[in-house]
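Visitor: Before we start, could you take me through how to read the features of this model, one at a time?
Guide: Gladly; let us have the sequence and structure in view.

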Amino acid sequence: MGDTSFLDRMLLQLRSTCKYYSGYPKDLGPSRVIHFTSEREFVQLLHQGYPVVVAFTIRSNYTQHLDRMLEEAAAEFYPNIKFMRVECPKYPGFCITRQKSEYPFIEIFHSPQQAGNEGKVQDPNITRYSVKVVPYNYDMSPYGFREFFKRQGVRTSDPK
């Protein structure tokens, strides 16, 4: 009775090797989605040089589905693309600056570069940066993210 059946061994092999196996439960390992805690942490994450996918959410039934999709995508694209989730009721200031009225929405931040000193300089110790921000309007799945990254020219894997 200790032997597993052929079907069980086949399913175990399929789950361990197939990236697109859609059966449940999926073993994604530890969560790769970073929970927003401060703008300072967000800026430090941007300075690592990786694109950051940010999901601006509020609690609802749809966000439970979105959370699962973010977990799958974060596990697939780790460590080359970072995924972050912002709960807008907890951090309204950060969400209001995005000037959106419908939640949830996703934006992708990448390519931070030091900005020129246009206008008045308040403090010489402050360094300003500009970041490319692209709204995400594709399918909420790892496949949708992959297609979006292809069209935007975002590298999703290490060069070999």
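**Reading the disulfide, the burial and the contacts**

Guide: The torsion about the S-S bond of Cys 88 and Cys 95 is about -85°, so the disulfide is left-handed. This is a predicted model, in which local features need pLDDT of at least 70 and side-chain atom pairs count only at pLDDT 80 or more, while totals for chains, interfaces and linings use all residues. Residues are numbered from 1 along each chain as its sequence is written, and side-chain values use heavy atoms, with hydrogens and water left out.

Visitor: Are Cys 88 and Cys 95 buried or exposed?
Guide: Buried means under 20% relative accessible area, exposed means over 50%, and partly exposed lies in between (1.4 Å probe, protein chains only). Cys 88 has a relative accessible area of 5% and is buried, and Cys 95, with a value of 1%, is buried as well.

Visitor: Where does Ala 74 lie, and what does Ala 74 touch?
Guide: Helices (H or I, at least four residues) and strands (E, at least two) are DSSP runs, numbered from the N terminus, and contact means heavy atoms within 4.5 Å. Ala 74 lies in helix α3, residues 61-77, and is buried at a relative accessible area of 1%. Not counting residues up to four places away in sequence, Ala 74 touches Arg 32, Val 33 and Phe 83; the C-alpha atoms of Ala 74 and Val 33 are separated by 6.2 Å, although these residues are 41 apart along the chain.

Visitor: Which residues are in contact with His 110?
Guide: His 110 is found in strand β4, residues 105-114, where a relative accessible area of 12% makes His 110 buried. Leaving aside neighbours within four places in sequence, His 110 is in contact with Pro 51, Val 131, Lys 132 and Val 134.

Visitor: Which residues of helix α5 are buried, and what follows α5?
Guide: An α-helix has 3.6 residues a turn, so residues three or four places apart point the same way. In helix α5, residues 142-152, the buried residues are Pro 142, Gly 144, Phe 145, Arg 146, Glu 147, Phe 148 and Phe 149. After α5 comes Gly 153, whose phi is positive, near 75°.

Notes
Disulfide = S-S within 2.5 Å.
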